[in-house]
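Colleague: I am new to this structure. Please pick a single part, the charged side chains and what surrounds them, and take me through it closely.

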Amino acid sequence: KVVSVNAELTTQEAANLLNVSRPHLVKLLEDGELPFLRTGKHRRVRLADLLQFKDTREQASAQAMGNLSRQAQELGVGYE
């Protein structure tokens, strides 16, 4: 499916793309971790902002996993 990066998503659509619950996504929005727009009483998330947030989160996760793996090897724990 081709969608413009300027597309605005509902909170449920954004939560589905991040594979999180809608309440968790709303908390991210309200905490300022992800920008959003208000359309009346509804929140909308720009697809471009969501994709950037997802990429940043995935990079941080990969870095943390690399750090844990390196620490495990240094401590000699794990599979041998």
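**A charged network and its sheet**

Modeller: Start with R38, which counts as partly exposed at 48% relative accessibility. Here buried means under 20% relative accessible area, exposed means over 50%, and partly exposed lies in between (1.4 Å probe, protein chains only). This is a predicted model: local features need pLDDT of at least 70, side-chain atom pairs count only at pLDDT 80 or more, and totals for chains, interfaces and linings use all residues. Residues are numbered from 1 along each chain as its sequence is written, and side-chain values use heavy atoms, with hydrogens and water left out.

Now the partner. The side chain of R38 meets that of E30 in a salt bridge, 3.6 Å from N to O. A salt bridge is a side-chain nitrogen of Lys or Arg within 4 Å of a carboxyl oxygen of Asp or Glu. E30 is partly exposed too, with a relative accessible area of 43%.

E30 also meets R43 in a salt bridge, at 2.8 Å from N to O. That pair links distant parts of the chain: R43 sits in strand β3 (residues 42-46) and E30 in helix α2 (residues 22-30), 13 residues apart. Helices (H or I, at least four residues) and strands (E, at least two) are DSSP runs, numbered from the N terminus. R43 is partly exposed at 22% relative accessibility. Together, E30, R38 and R43 form a network of salt bridges.

Look next at R46. Its side chain meets that of D49 in a salt bridge of 3.5 Å, N to O. R46 is partly exposed, with 28% relative accessible area. D49, in contrast, is buried at 17%. Across the whole structure, the search finds 4 salt bridges.

Then the sheet. It is open, has 3 strands in the order β1-β3-β2, and its pairing is antiparallel. The edge strands are β1 (8-9) and β2 (37-39), each pairing on one side only. Two strands pair if DSSP finds at least two bridges between them. β2 and β3 are joined in the antiparallel sense over 3 bridges. T39 stands opposite H42 in β3.

Last, a helix. α3 (residues 47-75) packs on the sheet and touches β1 and β3. Contact means heavy atoms within 4.5 Å. The direction of α3 makes about 65 degrees with that of β3. Axes are lines fitted to C-alpha atoms, for helices over the stretch in contact, and angles run from 0 to 180 degrees between N-to-C directions.
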